[in-house]
Amino acid sequence: MVGIKDVARIAGVSIGTVSNVVNRPHVVSAATRSRVLSVIQELGYVRDESARQLRAGRSRTLAVLVLDLGNPFFVDVAQGAEQAAQAEGLNVITCNSGQRVDREAAHLAMLAEQRVRGVLLSPVGTAGESLEAFRRSGIPYVFVDRNVPNSDACSVSVDDVAGGALAARHLVEAGHTHLAFVNGPQLLAQCRDREAGARAALAEAPAPGRTFTVLESEALDVASGRDAGARVLGISPRPTAVFCANDLLALGVLQAMVAAGVRVPEEMAIVGYDDIEFAAAAAVPLTSVRQPATRLGKTAAELIIAETADDAVPGEHEHQTVVYTPELVVRDSTRVRRDRVSR
């Protein structure tokens with residue numbers, strides 16, 4: 001393995017000069033810098049970043065631990081974090097818990113061993129035991145896509161209760177009285193909050209004969225949505241509108257309706273949540289509750305960067321709770337009023 005001493009010897013300069021060329025090129029003359037870079041390229045020298053961080057006593061790596069990298073929403077969150085990190089010359093590694101507590105605990109243990117600079121965490125459930133163990137590492141973390149009141153960490157999230165209310169209110173205003181909500185695992189606070197918001201909106205505008213059926217899915221993915229869509233068709237009286245806890249579930253429900261010959265939105269309106277790119281590109285473009293995913297990741301990373309800055313005073317960082325407001329994006333999947341269809 002080529003080391004910095006090899007570069008210095010062949011270039012005829014000191015080790016310190018090679019270090020300056022790599023880390024502070026502006027302090028080295030153009031001629032010397034050119035000669036050293038030529039040797040670096042010839043030898044294929046790569047800086048030992050782990051050794052550098054060990055000497056500095058500070059990692060230059062942030063970690064993003066999310067619920068499901070199969071969901072484009074969390075990919076956008078990670079991209080937002082990367083934008084903020086790159087602006088500060090930091091690296092990002094992304095981990096996937098797969099909505100499993102044991103995998104989350106394993107990732108947190110690994111990140112503690114690696115002594116990363118900070119972690120952006122979208123926790124499974126309350127993340128009690130695994131997070132408690134991670135706290136003892138002293139590594140800062142921030143909750144992303146989760147509002148955790150009275151926590152000893154920053155959090156960045158969207159008001160999911162308000163988002164659930166937006167979706168339900170939209171369907172009621174479109175004339176639907178028989179509604180279904182396809183939810184994800186109750187372990188996830190986001191799912192509980194979206195259901196709570198929908199129920200609150202329905203309670204605000206009571207109507208005789210209204211039905212609201214909740215179907216829980218084991219996962220927040222397209223396959224679970226297809227299964228839920230088949231179950232929706234078996235409900236009596238059959239719902240005319242379905243609100244789903246995320247867009248992947250909604251896409252699955254849409255597939256189930258198409259397969260059964262049920263017209264969307266004429267016979268079944270569908271609303272998703274997250275407003276991922278695929279929502280607008282669906283065969284019937286989906287109405288969805290939009291979350292600013294990239295901004296969530298970027299803001300969370302900025303909070304960690306501020307907390308771990310070189311000039312940050314230990315113990316003086318004030319944790320922030322940032323909550324964004326969701327937005328309803330109306331598309332073809334709900335654009336037909338139910339009362340007009342009935343006539």
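User: At what angle do the axes of α1 and helix α2 cross?

Analyst: This is a predicted model. Helix α1 covers residues 4-11, and helix α2 covers residues 15-23. Their axes come within 8 Å, and the crossing angle is roughly 105°.

User: Are α1 and α2 oblique or roughly perpendicular to each other?

Analyst: The axes of the two helices cross at roughly 105°. Angles of 65 to 115 degrees count as roughly perpendicular. Therefore α1 and α2 are roughly perpendicular.

User: How are α1 and α3 oriented to each other?

Analyst: Helix α3 spans residues 30-43, and its axis comes within 9 Å of the α1 axis. The two axes cross at roughly 125°. An angle of 65 to 115 degrees would count as roughly perpendicular, and one over 145 as roughly antiparallel. The α1 and α3 pair is therefore oblique.

User: How many nonpolar residues does the contact of α1 with α3 have?

Analyst: From α1 come D6, V7, I10 and A11; from α3 come R35, V36, V39, I40 and L43. This contact has no polar residues and two charged ones, and its nonpolar residues number seven.

User: Is T32 buried or exposed?

Analyst: T32 sits in helix α3. Leaving aside neighbours within four places in sequence, T32 is in contact with V13 and T17. Buried means under 20% relative accessible area. T32 has 18% relative accessibility, so it counts as buried.

User: What is the orientation of α10 to α11?

Analyst: Helix α10 (residues 222-232) packs on helix α11 (residues 247-260) with the axes 6 Å apart, at an angle of about 45°. That angle makes the pair oblique.

User: Is the crossing of α10 and α11 left-handed or right-handed?

Analyst: The contact includes G225 and G229 in α10, and G252 and A256 in α11. Its residues divide into eight nonpolar, five polar and one charged. The crossing of α10 and α11 is right-handed.

User: Which residue in β5 is the bridge partner of V142?

Analyst: V142 belongs to strand β4, residues 141-144. On one side, β4 runs parallel to strand β3 (residues 118-121) over three bridges, and L120 stands opposite V142. β4 also pairs with strand β5 (residues 154-158) in the parallel sense, over three bridges. There the bridge partner of V142 is C154.

User: Which residues of β4 point the other way from Y141 and F143?

Analyst: In a regular strand, side chains alternate between the two faces of the sheet. In β4, Y141 and F143 point one way, and all four residues are buried. The residues that point the other way are V142 and V144.

User: What is the relative accessible area of D145?

Analyst: D145 is found in the loop between β4 and β5. Most residues other than glycine have a negative phi. D145 has a positive phi, near 65°. It is buried, with a relative accessible area of 3%.

User: What is the phi of D275?

Analyst: D275 lies in the loop between β9 and α12. At 14% relative accessibility, D275 counts as buried. It is not a glycine, yet its phi is positive, at about 60°.

User: What is omega for the bond that joins S236 and P237?

Analyst: P237 lies in the loop between α10 and β8. Most peptide bonds are trans. The bond that joins S236 and P237 is cis, with omega about -5°.

User: Where is P265, and what is omega for the bond from V264 to P265?

Analyst: P265 has its place in the loop between α11 and β9. The peptide bond from V264 to P265 is cis, and omega is near 10°.

How values were computed
Residues are numbered from 1 along each chain as its sequence is written. This is a predicted model: local features need pLDDT of at least 70, side-chain atom pairs count only at pLDDT 80 or more; totals for chains, interfaces and linings use all residues. Side-chain values use heavy atoms; hydrogens and water are left out. Axes are lines fitted to C-alpha atoms, for helices over the stretch in contact, and angles run from 0 to 180 degrees between N-to-C directions. Angles under 35 degrees count as roughly parallel, over 145 as roughly antiparallel, 65 to 115 as roughly perpendicular and the rest as oblique. Contact means heavy atoms within 4.5 Å. Ala, Val, Leu, Ile, Met, Phe, Trp, Tyr, Cys and Pro count as nonpolar, Asp, Glu, Lys and Arg as charged, and the others, Gly among them, as polar. Buried means under 20% relative accessible area, exposed over 50%, partly exposed in between (1.4 Å probe, protein chains only). Two strands pair if DSSP finds at least two bridges between them. A crossing is left-handed if the near helix is turned anticlockwise from the far one by less than a right angle, and right-handed if clockwise.
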